[in-house]
Amino acid sequence: SITSNQIAMVFLHLFIINKSGGLIYHRELSKYAPIIDVNILLRIGSSFHSLCSIAVEASPVKKNLPAMMGAGAGGNVTGSGGAGAGASNSGVSGSAKSSAGEADDDGIEVIEGDGLILCCFQTRTGVKFVITAKPGTRGLKKTLREIYVLYADCTLKDPFYELEMPIRCELFTQAIDDLMERIDPGGVSGRNGGGNDGIVKLR
């Protein structure tokens with residue numbers, strides 16, 4: 001069982017979704033992460049991508065998105081202005097921030113529920129980094145940005161990696177494990193064996 005002290009830092013799953021909505025990487029981040037069937041993992045990727053597209057259409061504030069990102073790449077459910085403020089009660093939020101590697105309009109950034117929090121970081125090229133955790137887990141956005149740096153350093157510099165394809169870079173997976181060990185050493189030990197390969201087996 002998870003104690004009240006452990007709840008403060010309980011990461012569950014990492015998903016990386018390409019700009020077409022395909023799940024290209026998955027990793028269980030702690031021993032508390034539930035084991036998820038591969039087919040369900042693939043549906044999670046496509047479903048979240050679709051939700052981001054719906055968020056764009058449902059947003060009361062329309063923003064100009066970079067052409068490279070496509071229709072499903074961004075949008076706000078809750079913006080900084082008054083028009084979308086009421087949507088924050090739904091537990092879904094968005095913002096229009098810009099930083100290195102980050103899209104000008106991120107679409108869905110956070111979804112919070114009674115037993116789960118989901119945080120998304122989207123790059124300018126439309127790749128989504130999604131992390132799930134227990135409510136109360138701190139530093140989700142910072143962790144996602146660190147993962148993005150690892151992705152750029154380990155995966156994008158791999159001469160054998162093709163963009164938009166499943167990530168099979170052992171260096172990247174090891175870097176993720178090292179990051180989790182540094183952030184939450186207690187949660188990594190005894191992790192479910194189902195996530196040890198770190199790769200979604202796509203045909």
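In the predicted model, five residues separate the strands of the β1–β2 hairpin, and Gly21 in this hairpin adopts a positive phi near 95°. The two strands run antiparallel and are joined by five bridges. One of the pairs is formed by Ile16 with Tyr25, the latter in β2. Strand β2 is mostly covered, six of its six residues being buried.

Strand β1 is also joined to β6, again in the antiparallel sense, through six bridges. In this pairing, Thr132 of β6 is the bridge partner of His13. Strand β6 in turn pairs with β5, antiparallel and over six bridges, and Gln122 has Lys128 of β6 as its bridge partner. The hairpin of β5 and β6 has five residues between its strands, and Gly126 takes a positive phi near 90° there. A positive phi is also found at Glu164, at about 75°, although this residue is not a glycine. Glu164 belongs to the loop between α2 and α3 and has a relative accessible area of 26%, so this residue is classed as partly exposed.

Like β2, strand β6 is mostly covered, with six of its six residues buried. In a regular strand, side chains alternate between the two faces of the sheet. In β6, Lys128, Val130 and Thr132 point one way, whereas Phe129, Ile131 and Ala133 point the other way; all are buried.

His13 is placed in strand β1. With a relative accessibility of 3%, His13 falls under the 20% limit and therefore counts as buried. Two polar interactions of its side chain were identified. The side chain of His13 makes a polar contact with the side chain of His26 at 2.7 Å, and it reaches the backbone oxygen of Pro34 at 2.9 Å. When neighbours within four places in sequence are set aside, the residues in contact with His13 are His26, Arg27, Glu28, Leu29, Ala33, Pro34, Ile36, Val130, Ile131 and Thr132. Two of these, Val130 and Thr132, point the same way from β6.

Ile36 is located in the loop between β2 and α1 (38–58). In sequence, Ile36 and His13 are 23 residues apart, and their C-alpha atoms are 9.8 Å apart in space. Ile36 touches His13, Leu41 and Ile44, residues up to four places away in sequence not being counted. Its relative accessible area of 22% lies between the limits of 20% and 50%, so Ile36 is partly exposed rather than buried.

The largest nonpolar core comprises 30 residues, and Phe129, Ile167 and Phe172 have the most contacts inside it. Two or more residues of this core come from each of β1 (11–17), β2 (23–28), β5 (117–122), β6 (128–133), α2 (140–155) and α3 (170–183). The greatest contribution is that of α2, which gives seven residues.

Helix α2 has 16 residues and reaches 21 Å from its first C-alpha to its last, close to the 22 Å expected at 1.5 Å a residue. Its buried residues are Leu140, Thr143, Leu144, Ile147, Tyr148, Leu150, Tyr151, Cys154 and Thr155. These residues lie on the same side of α2, because they cover an arc of only 165° around the axis. An α-helix has 3.6 residues a turn, so residues three or four places apart point the same way. The buried residues of α2 pack against β1, β5, β6 and α3.

Helix α3 has 14 residues, and the distance from its first C-alpha to its last is 20 Å, close to the 20 Å expected at 1.5 Å a residue. Buried residues in α3 are Phe172, Thr173, Ala175, Ile176, Asp177, Leu179 and Met180. Phe172 is among the residues with the most contacts inside the largest core.

Note on methods
Residues are numbered from 1 along each chain as its sequence is written. This is a predicted model: local features need pLDDT of at least 70, side-chain atom pairs count only at pLDDT 80 or more; totals for chains, interfaces and linings use all residues. Side-chain values use heavy atoms; hydrogens and water are left out. A nonpolar core is a set of buried Ala, Val, Leu, Ile, Met, Phe, Trp, Tyr and Cys residues joined through side-chain atoms within 4.5 Å. Buried means under 20% relative accessible area, exposed over 50%, partly exposed in between (1.4 Å probe, protein chains only). Helices (H or I, at least four residues) and strands (E, at least two) are DSSP runs, numbered from the N terminus. The expected span of a helix is 1.5 Å times one less than its number of residues. Two strands pair if DSSP finds at least two bridges between them. Contact means heavy atoms within 4.5 Å. A polar contact is a pair of N or O atoms within 3.5 Å; within protein, one must be able to donate a hydrogen and the other to accept it, and residues adjacent in sequence count only if both atoms are side-chain atoms. The arc is that of the directions from the helix axis to the C-beta atoms.
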